[in-house]
Amino acid sequence: MTLAALDIGGTKTHLRLLTPDGTTIEDRIVASTGWSATPIAEAAEWIVDLLAGAELTALAAGAQGCEERAHCNDLAAELRRRLAIPVQVVNDAELLLPAAGLDRGIAVIVGTGAIAIADDGAGNLTRAGGWGWVLSDDGSASALVREAARAVLQRADRGQTLDPLGHLLLASVGVTTIADLALTLSWGGAPETWGRHSPAVIEAARQGSTDARQVLAAGAQAIADLLRTLQSRNIPLTDVVFAGGLVTNVPTYWQAIRAQLPPESHPLPPHHPTRNRRRHPRPPPGWHWSQ
């Protein structure tokens with residue numbers, strides 16, 4: 001028997017093939033280029049192509065963009081039809097708590113997007129954020145670049161010279177003028193790819209850019225506000241697990257977020273599931289590999 005586990009994020013996808021006892025057969029990370037959770041048929045085709053050549057007996061996937069349970073169920077049904085094996089699909093943020101060895105708590109993803117999901121251990125989920133870069137996801141990599149670009153453009157509007165943020169962001173995007181920065185970010189690629197320019201914002205803050213530091217401070221506050229939103233719905237702030245590239249790879253940003261969190265929260269150190277090769281996520285409630 002070969003089981004497949006997929007973690008499909010906005011930037012990268014982690015694929016692991018394993019035996020029922022947890023022995024890893026294959027472990028690789030690929031770019032999420034071309035991934036979209038909609039339409040269902042195209043999403044299923046993307047996953048099937050990724051799994052081509054593997055003889056599978058079951059598949060469990062956490063997929064960015066599957067925002068509603070019905071959406072996840074529809075994608076799972078389409079995959080079952082194509083693969084003729086048991087399939088379970090959840091939102092990718094739902095993978096974090098079991099990956100950290102927890103049955104309940106709050107999972108916060110701070111990467112390409114930003115979302116917080118509370119799980120009561122009985123399959124009941126409550127979410128905050130994660131609705132995409134236009135309407136939500138403040139504090140994420142994409143949003144940091146969006147706000148950094150706005151700060152650079154506003155500085156130009158005021159007739160001020162570029163600070164380190166402006167120079168570094170232009171260089172990262174690969175342009176030389178403010179007009180080209182606005183044009184390239186607006187029309188040169190999907191906003192979900194903006195996150196790759198977030199290192200420029202981090203470095204600009206390190207170099208003393210006031211604009212960059214303000215962008216990061218506002219982003220950290222937005223992430224902390226996700227927990228306050230859940231708290232306002234009577235969700236206890238215990239066993240809060242953070243993951244995502246911005247908190248696992250950027251200690252200064254994690255520290256800024258940590259300083260803004262409600263005092264009653266008890267965040268665990270940022271979790272990096274891909275670095276823990278021995279721990280495998282538990283299936284969602286009610287799920288069995290044989291179903």
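**Strands, sheet and helices**

Q: Is strand β8 buried or exposed, mostly?
A: Mostly covered. In β8 (residues 125-129), 4 of the 5 residues are buried. Keep in mind that this is a predicted model.

Q: Which strand does β8 pair with?
A: Strand β7, residues 114-119. The two run antiparallel, with 5 bridges.

Q: Give me a partner to click on. What does Ile117 bridge to in β8?
A: Arg127 is the bridge partner of Ile117.

Q: And how many residues sit between the strands in that hairpin?
A: The β7 and β8 hairpin has 5 residues between its strands. Gly121 there takes a positive phi near 90 degrees.

Q: Switching topic. What is the strand order in the open sheet?
A: β3-β2-β1-β4-β5. That is 5 strands with mixed pairing. On average, neighbouring strands are turned by 10 degrees against each other, ignoring direction.

Q: How is β2 joined to β3?
A: By 7 bridges, antiparallel. Strand β2 covers residues 12-18.

Q: Now helices. Which strands does α1 lie across?
A: Helix α1 (residues 40-50) lies across β1 (3-8), β2, β3 and β4 (58-63). It runs at about 125 degrees to β1.

Q: And where does α2 lie?
A: Helix α2, residues 69-83, lies across β4 and β5. Its angle to β5 is about 150 degrees.

Key. Residues numbered from 1 in each chain as written. Predicted model: local features only at pLDDT ≥ 70, side-chain atom pairs only at ≥ 80, totals over all residues. Heavy atoms only, no water. Pairing = 2+ DSSP bridges. Axes fitted to C-alpha atoms, helices over the stretch in contact; angles between N-to-C directions. Contact = heavy atoms within 4.5 Å. Buried < 20%, exposed > 50% of the residue type's maximum accessible area, 1.4 Å probe, protein only.
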